[in-house]
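Please open the model in a viewer and keep the selection tool at hand.

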Protein chains: 2
Amino acid sequence: MSASASLASGPEGPHALRPLLDTVLDALSEGARARGGPLPSGGPDAVATRVRDALGDVLPDQGDPNALHAVVRSLAENAADPADPYCAAHLHCPPLALATAADLAASALNPSLDSWDQAPGASELEALVTGALAREVYRGPGLHDPTNGAEPLQNGTGRGGEGEKTPAQPDALITTGGTESNHLALLLAREAHGTGVRLVHGANAHHSLPRAAWLLGLPEPVVVPAPAGTLDPAALDEALTHLPGPHGSLVVAATAGTTDAGLIDPLPQIAALCTAHGARLHVDAAYGGALLFSDRYRDRLTGLDAADTVTLDLHKLGWQPVAAGVLAVRDPRDLAVLHHRADYLNAEDDTEAGLPDLLGRSLRTSRRPDVLKIAVTLKALGRTGLGRLVEQVCDRAREFAALVDDHPGFELHDPPTISTVLFRPAPATDDAVAAVRRRLLTEGRAVLGRARINGRLWLKATLLNPHTHPDDLAALLKLVEGNTPR
Amino acid sequence: MSASASLASGPEGPHALRPLLDTVLDALSEGARARGGPLPSGGPDAVATRVRDALGDVLPDQGDPNALHAVVRSLAENAADPADPYCAAHLHCPPLALATAADLAASALNPSLDSWDQAPGASELEALVTGALAREVYRGPGLHDPTNGAEPLQNGTGRGGEGEKTPAQPDALITTGGTESNHLALLLAREAHGTGVRLVHGANAHHSLPRAAWLLGLPEPVVVPAPAGTLDPAALDEALTHLPGPHGSLVVAATAGTTDAGLIDPLPQIAALCTAHGARLHVDAAYGGALLFSDRYRDRLTGLDAADTVTLDLHKLGWQPVAAGVLAVRDPRDLAVLHHRADYLNAEDDTEAGLPDLLGRSLRTSRRPDVLKIAVTLKALGRTGLGRLVEQVCDRAREFAALVDDHPGFELHDPPTISTVLFRPAPATDDAVAAVRRRLLTEGRAVLGRARINGRLWLKATLLNPHTHPDDLAALLKLVEGNTPR
């Protein structure tokens, strides 16, 4: 059999992988050198032409022994490198080398988390890590209490059989990201309260929330104003007061870390309103959730533990390769509605005989152990190391905001809450703001985001790279200045 | 900053990754040696204890520099290795080393396919590969025609702006697997024909189909009998005749490669019935779809190209690490309902200015480029190399079936259609069949599946390892024989 058919696992797996990994690392280096900047130059058509030329025939009759090098090199040459300090548009983090290396083991062994006999160790690892993350969310906003949460969950997989965990222990699921977490959160609400359950969200909420309501066949969501970028509690109170329906027929979604500005909704007030009106509370903390790891920032999430469900996303502020989403659930009984029987995966007599039943841990069936890289990261960095990374990017954002504020040619929107800075060239029109962003993109010089706030367009820098240096920030601002149309 | 915070990309990325990858390969080898068989011994409790002990405190205050080695080693020690010939239960393939190595580049560069400026090259690569896969599905069952399908799709990302592709070109989306593909297929049906659209599926269909109907808020599906393991056309005709509702209000799901037995529904007859009754047709070819790559087996999928939507899953018969799902769509206009606007990702003026709009390519937002490993595999092996792997596992299954059939102590269910063999010790009760499977699992000696067919329980061997030797098959049968309770 040809070398191209070598397998990644089995006794020969590591031996087969080693030279191929060298090829990949070389191709990554070569591609990055050929790119020579944060992203490829020339814009979409030029990129498309280069990728097409490098790939050639997608499915040739005969294999091409150079394919791995050629395709990876082209990917790198035409990538927006999230580790470049000028790549600061989106919640698109540069992954840790550690997490990336761990992810390789998931690909090589290919455990699939739909049945124990495909993932004996990975399923236990997932139970341990999701239990720890759930406790992190639900232990409240105070400083780390070493007596609370250090022990592994009893039977965290939600397994049947003996040793059922106590109902009070929170739990969490691993997802493909904030979008799937939000979808699951609404599904749990629908199954708890019926298909008439209505989503109430701020105008600042992530687009995946109304999209999830559409997917699930729920009524049109109610949008509550967020004039200052955060959900307005008075407007929420009014909406909850006037919306009809029985207890539990409303689910409020708040945001901890908005996509546009990195703002955090007033969680304690929102939680109190939900309690008063009998509404369910979901908090989308896809961006802000990782503040939990920082002693300096953790109390910004006060009130988070009042939510029925919480979205986290460690491929944002968490330095994981995509995907590393989490849905934390306060009452694990909510997860029972995901229980699902497929005789070939979790036959009743097998479950009774003690084989763990994993199908109720996801809407997917085959499922990659994204938990592995998360486990390695939590353990290798510890709370202190993760907290430090969080604080570094928040510090960089404050420094960048100060540079903007001090510069007569720029307007700062507001001091950053997390690590997002909105700014604009002071005299520019909206069209000019949009144009400078596209110009920097097309020329391959910088990746900045954009946000429309109260009718005005702003440039957005989302700082997620802990290695960015203050000098990089000054140079980035200068680059924007030099490229703004006059 | 500490070494544990090194990034995977940027100029120092490959340099930071190299020693960590060595650590991973060493930990994989060590873990496999410690395991010493196809899966860990001792059953769920022993595995859980070992994993807990190796991991210790999931989120310690201070980081542990040995975490990568310890966690990966534990994962390998407690894995069911899909490359072991005795690991033959599920559609859980051993991934190619090539695909695994390519997947590393996806983790390192972390392109996210929700906007062009996070994935300039990866989005074009995805467009090229999905176009080629869609043409593979929709070029009909004949032999490869080099004049049809060799050119890249024009503008396959479904971009706005100039160069819109002609409506007749099929398209495909990359998904997390067959489950998401089936979910998307039903969503497209719902959006085309309304929330009253009703799923009609065989009793042999994958559990994710009725689950998707539940998720989407569709009416209870209609189950058509499949007494011989494949959907019965006469029963389907009767169901379609008597179900009420207008043209298009029914969506029939057929299967090409059932989970239990690897059987293929009579696609041409089903397609003709759908045409006659005005029903939409989805084919779940998660398992069987890769027969398209083999000249010897391709014609078993005759009729596939009549489907409106087709699920493929290259992490089954395709040797990819999870996830590598595909949904092929005959009429790309069906995908328009996924179009979605989020100002920060695809503002209207950016799209008008030529920036590709990617949000309509998935229900996810952040999205890993699973297409990379697929692209490398298609290109490195070519149609011939992939077809040969398909034929090898089908040959192994035929050989194993012959061994079973020739053995007086075993009963063969049927000659295999793809690579699944159902068999049972001739005199055993169902309880004994279930017990031998669990015993081999618990002792760490073999991973076999199970299937209940017409009320009797069978052992299932799903042969997906092209490197399995005929001698391994004889030894596996002997192992079952020696462990069957008498």
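The stops below lead from the contact between the chains to a helix pair, a sheet and a single residue. The model is a predicted one.

**The contact between chains A and B**

Begin by colouring the two chains separately. The contact takes 148 residues from chain A and 148 residues from chain B. On the side of chain B that touches chain A, select helix 1 (residues 13–35) of chain B, which supplies the largest share, 13 residues. By class, that side of chain B comprises 80 nonpolar, 42 polar and 26 charged residues.

**A helix pair across the contact**

Next, select helix 3 (residues 67–77) of chain A together with helix 12 (residues 371–406) of chain B. Their axes lie 9 Å apart and the helices pack at an angle of about 145 degrees. The crossing of helix 3 of chain A and helix 12 of chain B is right-handed. To view the contact itself, show A:A67, A:L68, A:V71 and A:L75 from helix 3 of chain A, and B:L372, B:A375, B:V376, B:K379 and B:A380 from helix 12 of chain B. This set has eight nonpolar residues, no polar residues and one charged residue.

**The sheet of chain B**

Now turn to chain B, where seven strands form an open sheet in the order 2-8-7-6-5-3-4, with mixed pairing. Strand 2 (171–175) and strand 4 (222–224) of chain B are at the edges; each has a single partner strand, so one side of each lacks a neighbour in the sheet. From one strand to the next, the twist averages 20 degrees.

Within the sheet, select strand 7 (residues 309–313) and strand 8 (residues 325–329) of chain B, which pair in the antiparallel sense over five bridges. B:D313 is placed opposite B:G325 of strand 8 of chain B.

Helix 9 (residues 267–277) of chain B lies across strand 5 and strand 6 (280–284) of chain B, at about 155 degrees to strand 6 of chain B.

**A residue of chain A**

Finally, centre on A:T365, in the loop between helix 11 (348–352) and helix 12 (371–406) of chain A. Is A:T365 buried or exposed? A:T365 counts as buried because it has 29 C-beta neighbours inside 10 Å, the threshold being 20 or more. Leaving aside residues up to four places away in sequence, A:T365 touches A:D114, B:G177, B:G178, B:T179 and B:S208. A:H340 is 25 residues from A:T365 in sequence and 10 Å from A:T365 in space, C-alpha to C-alpha.

Conventions. Residues are numbered from 1 along each chain as its sequence is written. Chains are lettered from A and ligands numbered from 1 in the order in which they are written. This is a predicted model: local features need pLDDT of at least 70, side-chain atom pairs count only at pLDDT 80 or more; totals for chains, interfaces and linings use all residues. Two residues are in contact if their C-beta atoms, placed from the backbone, lie within 7 Å. Helices (H or I, at least four residues) and strands (E, at least two) are DSSP runs, numbered from the N terminus. Ala, Val, Leu, Ile, Met, Phe, Trp, Tyr, Cys and Pro count as nonpolar, Asp, Glu, Lys and Arg as charged, and the others, Gly among them, as polar. Axes are lines fitted to C-alpha atoms, for helices over the stretch in contact, and angles run from 0 to 180 degrees between N-to-C directions. A crossing is left-handed if the near helix is turned anticlockwise from the far one by less than a right angle, and right-handed if clockwise. Two strands pair if DSSP finds at least two bridges between them. A residue is buried if 20 or more other C-beta atoms lie within 10 Å of its own, exposed if 12 or fewer, and partly exposed in between; C-beta atoms are placed from the backbone.
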